[in-house]
Amino acid sequence: MFVPEIALDLAPENVGLFDATGGYRSDTPPPFWSFVWPGGLALARFVLDSPSAVLGKTVVDIGAGSGIVAIAAAMAGARRVVAVDTDPAALEACVRNATANRVELATAAAAEPADVVLAGDVFYSPSVVGPVLKLLRATAPVALVGDPGRGFLPERLFEEVAAYDVPVRQLLEDRDVMRTKVWRLTSGASGPC
């Protein structure tokens, strides 16, 4: 695994996104939390390799999913970590995975003010760009984003801080590796997206 320091309870390798729910159903959100997405993997790797980014700070992980980024922040010495996700099943997964990794984190359905906000794979469609940027800016003075180049990250508002070749599930991404970057929202990024 790309982040061997962290053990996660995930869907088996041969399971696709909708396999875990018995197929697509509009009334049930897909179990995004049962997979680790490339942006989250890259961000977790960055945080573990650069602990000064979170050491002694309050950290919020937006769209926490499995909790890998929040767990990495706790392992790297963050003072307080809150895993945020709108899916209650994801928050349960974060707690299970944090317990398995012997770290503590809080969970919430909405972000709270922090020193650092982390977000992996959050720029996945054009409709989320504005709301996600607003949330990042409102949550913390420092925002770090892991993004595998899906095409919706407004790069002009960010500066690249790291890049990784992240192994991914071919069932989810139609390839084995994705070049994934970690970006910092620049302080002058207050204009429109």
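Which residue in β7 is the bridge partner of Leu144? It is Arg184. Keep in mind that this is a predicted model.

Let's go to the strands behind that pair. β5 and β7 run antiparallel, and four bridges join them. They belong to an open sheet of seven strands. The order is β3-β2-β1-β4-β5-β7-β6, with mixed pairing. At the edges sit β3, residues 106-108, and β6. Each of those pairs on one side only. From one strand to the next, the twist averages 20 degrees.

Now the helices. α1 lies across β4, β5, β6 and β7. It runs at about 110 degrees to β6. α2 lies across β1, β2 and β4, at about 180 degrees to β2.

A quick check on α1, residues 38-49. Count 1.5 Å a residue, and its 12 residues should span 16 Å. The end C-alpha atoms are 16 Å apart, so the two agree.

Is α1 enclosed or open? Of its 12 residues, 11 are buried, so the helix is largely enclosed by the rest of the structure. Among the buried ones are Pro38, Leu41, Phe46 and Leu48. The buried residues pack against several elements, including α2, β4 and α5.

Last, the cores. The largest nonpolar core has 40 residues. Val54, Ile68 and Leu118 have the most contacts inside it. Elements that each supply at least two of its residues include α1, α2 and α3. Apart from this core lies another, of 23 residues, including Ile62 and Val145.

Back to Val54. Beyond its neighbours within four places in sequence, its contacts include Val47, Ala73 and Leu118.

Definitions and conventions:
Residues numbered from 1 in each chain as written. Predicted model: local features only at pLDDT ≥ 70, side-chain atom pairs only at ≥ 80, totals over all residues. Heavy atoms only, no water. Expected span 1.5 Å × (residues − 1). Buried < 20%, exposed > 50% of the residue type's maximum accessible area, 1.4 Å probe, protein only. Contact = heavy atoms within 4.5 Å. Core = buried A, V, L, I, M, F, W, Y, C linked by side-chain atoms within 4.5 Å. Pairing = 2+ DSSP bridges. Axes fitted to C-alpha atoms, helices over the stretch in contact; angles between N-to-C directions.
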